[in-house]
Amino acid sequence: MKGCLVVSMYVVEGGRTLNGEVRVQGSKNSTLPILAASLLCRGESVLLNCPRLSDVEASLTILRYIGCTARREGDTVIVDTTGVTRSDIPSALMHKMRSSIIFLGAMIARCDRVRMSFPGGCELGPRPIDLHLNALREMGVRINEEHGELDCSISDRLHGANIALTIPSVGATENIMIAAATAEGTTIISNAAREPEITDLADYLIACGAKISGAGESTVIIDGVRRLRPAVHAIIPDRIVAATLMAASAVTGSAIRFTGIIPSHLDSVIPVFRECGCDIQRTPEGLSFRSPDRLRSPRLIRTMPYPGFPTDAQAPLMSVASVADGLTVFVENMFESRYSHVSELCRLGADIRVEGRVAVVDGVRRLLSAHVRARDLRGAAALVVAALCARGKSRIDGIEYLERGYEDFEQVLSSLGADIRKV
């Protein structure tokens, strides 16, 4: 019926042991800024290993709205930005994801003017965009903020600047890098984010003709060029999806072989699983992962900027700690509201207490099935992981959040032997 909203859920029968090989999808957090950066290259860019996700589709919709053509052939996306005709992004498109703000630097560099609303997406507490706006102001952008909208313009051309970030924000680092790539002069970012996705964006821009050094380190230097050319680029594998699948293997006492991953991107996560008693070995293709019959609890998990433990892996690892032997203390340093999954894990039988940014998990022998609801992307992943080891049949609502970052997740898990279906 026209106007009806179709709502899906996962139904998971827990207790199945997983086994097999999985190739990890391309990184969501690399794909989104690279799609925005393609605006600087008049012509056709080809992105390989591009995941099919609702956030990616939202970015492609924005590109089509402003006049680009974009098509998908399997895991390859081809974007032609020759025909850009608009310099605005309506609120309906901006509100689909928080990372839509990444289009700001690209559009001001391409169009000299842009009007957009503040972004939407998962509710993780305040994620102010002041870092983005202040940096662009230093590069010559005039910004008016009123009624929830940004009206930005430049008189001639962006210029380089020395920008010291108060925190190593990934999104702000990406926005500055994109804007600076074709700015006049040199831009130096101090206290830059160091995530692998920053390096991936830099690799794409360099392939397009940008001059960038230091990506992946705390100081990034961009010497602006007049124009960029389109390029072919392969998106790096998604380290958070890999960590989530490791968590699924851990709680089910399983063995999985991972291919298409970069093990060094997981250097902060692998020691936690080893502390739990998991056996992890590097192979020519990636990693082999085997979990013990009974997990030991990791004592302390403290989220930090890369190369520290990633905040996006906190929720799936909490599901692991929920069935491990002993106490685990989580300290969430990145976002204020990143424990929305705790109440739902407790519905499954987990023993978790939260005080501010600290959560204490006392592992139990077994979780029990329940009907639960996800409230954000990584929380949804945590509930799926927990349901895989819970006794009985669990139902998980809110999987539209999961589909923002995990491609065909139920099919991936089914291929490994899980009893999971989307209804």
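This is a predicted model: local features need pLDDT of at least 70, side-chain atom pairs count only at pLDDT 80 or more; totals for chains, interfaces and linings use all residues.
Residues are numbered from 1 along each chain as its sequence is written. Local features need pLDDT of at least 70 and side-chain atom pairs count only at pLDDT 80 or more, while totals for chains, interfaces and linings use all residues; side-chain values use heavy atoms, without hydrogens and water.

**Helices H8 and H10**

- The axes of H8 (residues 239-251) and H10 (residues 314-322) come within 9 Å and cross at roughly 10°; axes are lines fitted to C-alpha atoms over the stretch in contact, with angles from 0 to 180 degrees between N-to-C directions.
- H8 and H10 are therefore roughly parallel to each other (angles under 35 degrees).
- H8 contributes Thr244, Ala247, Ala250 and Val251 to the contact, and H10 contributes Pro316, Ser319 and Val320 (heavy atoms within 4.5 Å).
- By class, this contact has 5 nonpolar, 2 polar and no charged residues.

**Burial of H10**

- H10 is largely enclosed by the rest of the structure, because 9 of its 9 residues are buried (under 20% relative accessible area, with a 1.4 Å probe and protein chains only).
- Among them are Gln314, Leu317 and Met318, along with the contact residues Pro316, Ser319 and Val320.

**Cysteines**

- The structure holds 0 disulfides (pairs of cysteine sulfur atoms within 2.5 Å).
- The closest cysteine sulfur to that of Cys68 is in Cys111, at 8.8 Å, which is too far for a bond.
- Cys68 is buried, with a relative accessible area of 6%.
- Cys346 is in no disulfide, and its nearest cysteine sulfur, that of Cys389, is 14 Å away.
- Cys346 is partly exposed, at 31% relative accessible area (between the buried limit and the exposed class, which is over 50%).

Note on methods. Helices (H or I, at least four residues) and strands (E, at least two) are DSSP runs, numbered from the N terminus. Angles under 35 degrees count as roughly parallel, over 145 as roughly antiparallel, 65 to 115 as roughly perpendicular and the rest as oblique. Ala, Val, Leu, Ile, Met, Phe, Trp, Tyr, Cys and Pro count as nonpolar, Asp, Glu, Lys and Arg as charged, and the others, Gly among them, as polar.
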